[in-house]
Amino acid sequence: MADDQQGFFHRIDPEGRMTFMQHLMELRNRIMVAAGALFVLVMLALVFYRPIFDFLKQPIDNVNARFREDEELCRMIVNVRLDPSLRRKLDGAGVSDDLRNRIYDAFRDPKLWEKVKSDELGPELRAELMAARVDLGTPVVTTISTDPLSTTLILMSVAFWVAVVLGSPVLVYEVWAFVSPGLKPREKAAIRPVLVGGIFFFALGAAACYYLIFPLSMSFFVWLDLDMGYLPNYTPDSYINLLITFMLITGLIFEIPMVVA
């Protein structure tokens with residue numbers, strides 16, 4: 001019985017095909033190469049974490065720059081950061097939308113207080129508003145850490161996903177090298193373009209998300225927070241996990257042509 005099993009695992013196929021044990025050894029080697037590549041890339045990502053995090057923060061930095069430069073969006077920031085008692089006094093004074101906009105613009109540019117007349121607002125309220133301070137230099141979206149382990153955990157998560165993305169050619173090649181010997185020439189010719197196209201379309205979807213879809217989405221989320229009267233303070237893990245999720249989903253959506261093919 002043992003001799004029969006040993007012969008089953010180790011006997012040489014007359015047509016030169018691999019035995020069961022040889023397949024297992026080949027699979028082990030492929031897994032070791034893929035795991036080694038991932039390990040090296042994870043270590044590199046942990047070493048160069050600063051430029052990676054700067055890259056991931058760029059969309060939110062662009063949102064902050066846009067809200068500082070846009071006149072209407074800047075008024076929303078003033079409305080949220082203005083002292084609540086002064087907002088109530090403005091509401092009680094029944095100021096028009098035009099006058100309120102001129103007041104909010106004056107917080108951005110003090111020279112514009114000349115356009116806010118005392119007879120429109122009242123000298124006391126005007127003087128109180130002029131003495132108030134609204135910090136427009138601080139980014140509208142700030143990142144805060146609420147858990148001692150959150151930054152470390154998101155760092156490990158980012159390093160893993162960076163390794164998967166950068167190591168995807170190695171991973172795909174190892175899978176292909178293991179599977180392709182069992183395929184017919186016609187099957188190989190049909191699958192190769194799908195593998196290459198799959199990587200290309202996924203990268204295209206992730207890039208479209210990073211440069212277009214996610215910044216527009218974040219602008220809407222921040223605008224909605226301000227419109228509801230909330231100051232947007234996001235934790236790094238919630239922001240980066242949202243970005244990674246958006247990129248993964250968009251990349252998978254861009255794979256639909258490959259699925260159809």
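This is a predicted model: local features need pLDDT of at least 70, side-chain atom pairs count only at pLDDT 80 or more; totals for chains, interfaces and linings use all residues.

**Exercise 1.** Which residues do ring pairs link into a cluster?

Residues are numbered from 1 along each chain as its sequence is written, and side-chain values use heavy atoms, leaving out hydrogens and water.

*Solution.* 
- Step 1: Rings of Phe, Tyr and Trp (its six-membered ring) pair if their centres lie within 6.5 Å; planes under 30 degrees apart are stacked, over 60 edge-to-face, and the rest tilted.
- Step 2: The cluster joined by ring pairs consists of Phe55, Tyr210 and Tyr211.
- Step 3: Searching the whole structure gives nine aromatic pairs.

**Exercise 2.** Describe the pair Phe200 and Phe201, then the pair Tyr210 and Tyr211.

*Solution.* 
- Step 1: Phe200 and Phe201 have ring centres 5.5 Å apart and planes at 75°, so they are edge-to-face.
- Step 2: Tyr210 and Tyr211 are also edge-to-face, because their planes stand at 85°, with the centres 4.7 Å apart.
- Step 3: For accessibility, buried means under 20% relative accessible area, exposed over 50%, and partly exposed in between (1.4 Å probe, protein chains only).
- Step 4: Phe200 is therefore exposed at 51%, and Phe201 is partly exposed at 22%.
- Step 5: Tyr210 is buried at 6%, while Tyr211 is exposed at 60%.

**Exercise 3.** Find what lines the largest pocket.

*Solution.* 
- Step 1: On a 1 Å grid over the protein atoms alone, a pocket is an open set of points where a 1.4 Å probe fits, with protein on both sides within 12 Å along at least five of seven lines; lining residues have an atom within 4 Å of a point.
- Step 2: The lining has 27 residues, and Trp161, Val165, Leu166, Phe202 and Ala206 lie nearest the centre of the pocket.
- Step 3: Helices (H or I, at least four residues) are DSSP runs, numbered from the N terminus. Ten lining residues come from α11, which gives the most.
- Step 4: By kind, the lining has 24 nonpolar residues (Ala, Val, Leu, Ile, Met, Phe, Trp, Tyr, Cys and Pro), one charged (Asp, Glu, Lys and Arg count) and two polar (the others, Gly among them).

**Exercise 4.** Which residues is Phe107 in contact with, leaving aside neighbours within four places in sequence?

*Solution.* 
- Step 1: Contact means heavy atoms within 4.5 Å.
- Step 2: Phe107 is in contact with Val78, Leu82, Trp113, Leu129, Ala132, Val134 and Leu136.

Key
Helices (H or I, at least four residues) and strands (E, at least two) are DSSP runs, numbered from the N terminus.
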